Amino acid sequence: HVSGIRPFHMAHALPFRQAQLQVAKLLHKRVIVGHALANDLKALLLSHPRHLMRDTALYPPFQQQRTLTRRSRKLRALADELLG
């Protein structure tokens, strides 16, 4: 698993449980927008109602067409295509 986070980044970080509770409070009953949201929620051991999620990785026009399946595209590829 590669995140780019190193031990020195965590020296003054909130304890996991405290951060998790703060994020859960922020997200409660709100629509969240992002790319591959399930990965972020999984890392925080949180869940969120599907009807309150807008995930660009799951939005069909942004997915790659394959012969039988659709596959989500990387955020970098979407940004390059749509934002230049």
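**Figure 1. The salt bridge between R73 and E81.** In this predicted model, R73 and E81 form a salt bridge in which the closest N and O atoms are 2.4 Å apart. A salt bridge is a side-chain nitrogen of Lys or Arg within 4 Å of a carboxyl oxygen of Asp or Glu. By this rule the count is one. R73 has a relative accessible area of 17% and is buried, whereas E81 has 52% and is exposed. Buried means under 20% relative accessible area, exposed means over 50%, and partly exposed lies in between (1.4 Å probe, protein chains only). Residues are numbered from 1 along each chain as its sequence is written. Because the model is predicted, local features need pLDDT of at least 70 and side-chain atom pairs count only at pLDDT 80 or more, while totals for chains, interfaces and linings use all residues; side-chain values use heavy atoms, with hydrogens and water left out.

**Figure 2. The aromatic pair of Y59 and F62.** A search of the whole structure finds one aromatic pair. The ring centres of Y59 and F62 are 4.9 Å apart and the ring planes are at 75°, so the pair counts as edge-to-face. Rings of Phe, Tyr and Trp (its six-membered ring) pair if their centres lie within 6.5 Å; planes under 30 degrees apart are stacked, over 60 edge-to-face, and the rest tilted. Y59 is partly exposed at 43% relative accessibility, and F62 is partly exposed at 23%.

**Figure 3. The largest nonpolar core.** Five residues make up this core: L27, I32, L37, L41 and M53. A nonpolar core is a set of buried Ala, Val, Leu, Ile, Met, Phe, Trp, Tyr and Cys residues joined through side-chain atoms within 4.5 Å. In soluble globular proteins, nonpolar side chains tend to be buried together. Of the 84 residues in the chain, 18% are buried.

**Figure 4. The surroundings of I32.** Leaving aside residues up to four places away in sequence, I32 touches L27, L37, L41, H48, L52, M53 and R54. A contact means heavy atoms within 4.5 Å. Among the contacts in the chain with a separation of 6 or more, 17% are between residues 24 or more positions apart.

**Figure 5. The secondary structure elements of the chain.** The chain has three helices and four strands. Their order from the N terminus is α-β-α-β-β-β-α. Helices (H or I, at least four residues) and strands (E, at least two) are DSSP runs, numbered from the N terminus.
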